[in-house]
Every structure is written in structure tokens, then in C-alpha cells.
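Subject: Structure handover

Hello,

Here is the structure you are taking over. Please open it first, then read the notes below it.

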Amino acid sequence: MPEVELEIFKGDLIKYHQFMKSFDSNVDCVCDESNLKLTRLMQYTAGLAKDAIRGCSLIGGDKGYRQDRSILETRFGNSHLVTEHIIHELRQRRQVWSPVDIQGLADGASNTL
């Protein structure tokens with residue numbers, strides 16, 4: 001399997017779906033071996049995300065990989081939690097006054113506001 005450079009997923013709810021889409025395109029779809037997928041998933045996670053799935057590497061194989069995916073989806077891909085997180089982030093930001101502020105909000109740049 002060729003070397004792939006993905007952004008490391010650290011548990012940011014907003015970045016979960018983007019990470020998984022990239023992981024699926026670059027790893028899951030090009031590799032049939034579950035242990036390799038499991039290794040790559042561990043390689044491209046850190047912090048809370050890696051802590052959540054660390055034990056599954058001991059299980060290994062298809063079962064460990066499926067369990068990893070399930071844990072990540074439950075903890076970071078839950079649409080209700082993502083929505084709550086977005087609402088919380090919006091409430092914490094200062095008011096939007098200029099077109100630059102609006103563009104920053106649309107881009108998701110937390111340092112713009």
C-alpha cells in the first residue's frame with residue numbers, strides 16, 4: 001500500500017466526517033487487509049481519538065477494525081453531538097459585523113472571530 005499523508009484526527013467533532021471521508025478514500029478503499037487498515041487508523045489518530053480506539057489494536061483483524069470504526073463514529077460522528085458543538089462554538093464567538101467576519105464564520109476559521 002503506498003504511503004499516504006492524511007491530517008491527524010485528534011477528536012475534533014467538526015473534523016470527524018472530513019477525516020473519515022479522506023481515510024476511506026485513501027486507505028479503506030485501496031487496502032483489503034484489516035490489520036493494515038487498523039494500523040493506519042492508529043497512525044492517523046491522536047489524543048482523544050487514539051485513546052478511544054487504542055484497545056482495539058489488541059483485538060486486531062476485521063473485528064478490531066470494525067470496532068475502531070464503530071467507536072469513532074459513536075464518539076465523534078454523532079450528529080446530535082456535532083450540532084451541539086457547533087451551537088456552542090457559535091455562542092462563544094463575538095458578534096459578526098463585517099463581510100470578513102461572515103466569511104471567517106463560513107470558512108470555520110475560529111481565529112478569525
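Arg54 is partly exposed, with a relative accessible area of 44%. Partly exposed sits between buried (under 20% relative accessible area) and exposed (over 50%), using a 1.4 Å probe and protein chains only. The areas come from the Shrake-Rupley method, and for residues only the protein chains shown count as cover. The side chain of Arg54 meets that of Asp51 in a salt bridge, 3.1 Å from N to O. A salt bridge here is a side-chain nitrogen of Lys or Arg within 4 Å of a carboxyl oxygen of Asp or Glu.

A word on the source: this is a predicted model, in which local features need pLDDT of at least 70, side-chain atom pairs count only at pLDDT 80 or more, and totals for chains, interfaces and linings use all residues. Residues are numbered from 1 along each chain as its sequence is written, and side-chain values use heavy atoms, leaving out hydrogens and water.

The count comes to 5 salt bridges. One of them joins Arg69 and Asp24 at 2.7 Å, N to O. This pair links distant parts of the chain: Arg69 is in helix 5 and Asp24 in helix 1, 45 residues apart. Helices are DSSP runs of H or I, at least four residues long, and strands are runs of E, at least two; both are numbered from the N terminus. Asp62 bridges to Arg66, with the closest N and O atoms 2.8 Å apart. Both lie in helix 5, 4 residues apart, about one turn of the helix. Asp62 is partly exposed at 40%, while Arg66 is exposed at 52%.

Which charged residue is buried yet has no salt bridge? That is Asp68; the nearest side chain of opposite charge, Arg69, is 8.5 Å away. Lys and Arg count as positive, Asp and Glu as negative; His and the chain ends are not counted. Asp68 is in helix 5. Leaving aside neighbours within four places in sequence, Asp68 contacts (heavy atoms within 4.5 Å) Leu38, Leu41, Ile53 and Cys56.

Now the inside. The largest nonpolar core has 20 residues, and Phe19, Phe23, Leu41, Leu72 and Phe76 touch the most other members. Helix 1 gives the largest share, 5 residues. Such a core is a set of buried Ala, Val, Leu, Ile, Met, Phe, Trp, Tyr and Cys residues joined through side-chain atoms within 4.5 Å.

Overall, the protein chain has 7 helices and 0 strands. Buried residues make up 32% of its 113 residues.

Best wishes
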